[in-house]
Amino acid sequence: MSALQVELVAADRKVWEGEAEMVSARSIDGDLGVLPGHAPLLGVLVTGEIRIKTQGASSTVKIDGGFLSVDSDRVVIVADNVDAADLDSLGKNA
């Protein structure tokens, strides 16, 4: 199985970048789960949690709304505010 290339960006900085097996988030249309091979998508995110699962680790960050873009196994999450205290377990901090 291929991996997702994930980039998590706050309004003022790049928070994290790396490979992941899965990303889940809550959009205005409901919960989203993104795996490799997902169809292209642009979603508006609500305040809540983003879960990033990598090989051997999983991390949850809190955001204050934003956008999620999926295209060709690349996931870009742009959030107004990101509480990234739990991201250390994933490594490859930006």
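1. The side chains of E7 and R74 meet in a salt bridge, with 2.6 Å from N to O. The term stands for a side-chain nitrogen of Lys or Arg within 4 Å of a carboxyl oxygen of Asp or Glu. The pair links distant parts of the chain: E7 sits in strand β1 (residues 4–10) and R74 in strand β7, 67 residues apart. Strands here are DSSP runs of E with at least two residues, helices are runs of H or I with at least four residues, and both are numbered from the N terminus.

2. A word on the basis of these values. This is a predicted model, in which local features need pLDDT of at least 70 and side-chain atom pairs count only at pLDDT 80 or more, while totals for chains, interfaces and linings use all residues. Residues are numbered from 1 along each chain as its sequence is written, and side-chain values use heavy atoms, with hydrogens and water left out.

3. E7 counts as buried because its relative accessible area is 13%, the class being under 20%, with exposed over 50% and partly exposed in between (1.4 Å probe, protein chains only). K14 is partly exposed at 37%, and R74 is likewise partly exposed with a relative accessibility of 37%.

4. K14 also forms a salt bridge with E17, where the closest N and O atoms are 3.3 Å apart. E17 has a relative accessible area of 33% and is therefore partly exposed. Through shared partners, the salt bridges join E7, K14, E17 and R74 into one network. A search of the whole structure finds 5 salt bridges.

5. On the surface, D64, D80, D83 and D86 gather in a patch of negative charge. Patches are made of residues with over 30% relative accessible area and no salt bridge; like charges are joined within 9 Å, and nonpolar side chains (Val, Leu, Ile, Met, Phe, Trp, Tyr) within 5 Å. Asp and Glu count as negative, Lys and Arg as positive, and His and the chain ends are not counted. The place of a charge is CG for Asp, CD for Glu, NZ for Lys and CZ for Arg. Accessible areas come from the Shrake-Rupley method with a 1.4 Å probe. D80 lies in the loop between β7 (74–79) and β8 (82–83), and is exposed, with a relative accessible area of 52%.

6. Two backbone angles deserve a look. S72 has phi near 55 degrees, a positive value in a residue other than glycine; for D73, also other than glycine, phi is positive and near 60 degrees. S72 is in the loop between β6 (57–71) and β7, and D73 is found in the loop between β6 and β7. S72 counts as exposed, at 64% relative accessibility.

7. R51 lies in strand β5 (residues 41–54) and is partly exposed, at 37% relative accessibility.

8. Overall, the protein has 0 helices and 8 strands. The C-alpha trace spans about 30 × 30 × 20 Å along its principal axes. Of the 94 residues, 37% count as buried. A compact globule with 94 residues would have a radius of gyration near 12 Å, and the protein agrees, with 12 Å. This radius is taken over C-alpha atoms, and the globule rule is 2.2 Å times the number of residues to the power 0.38.
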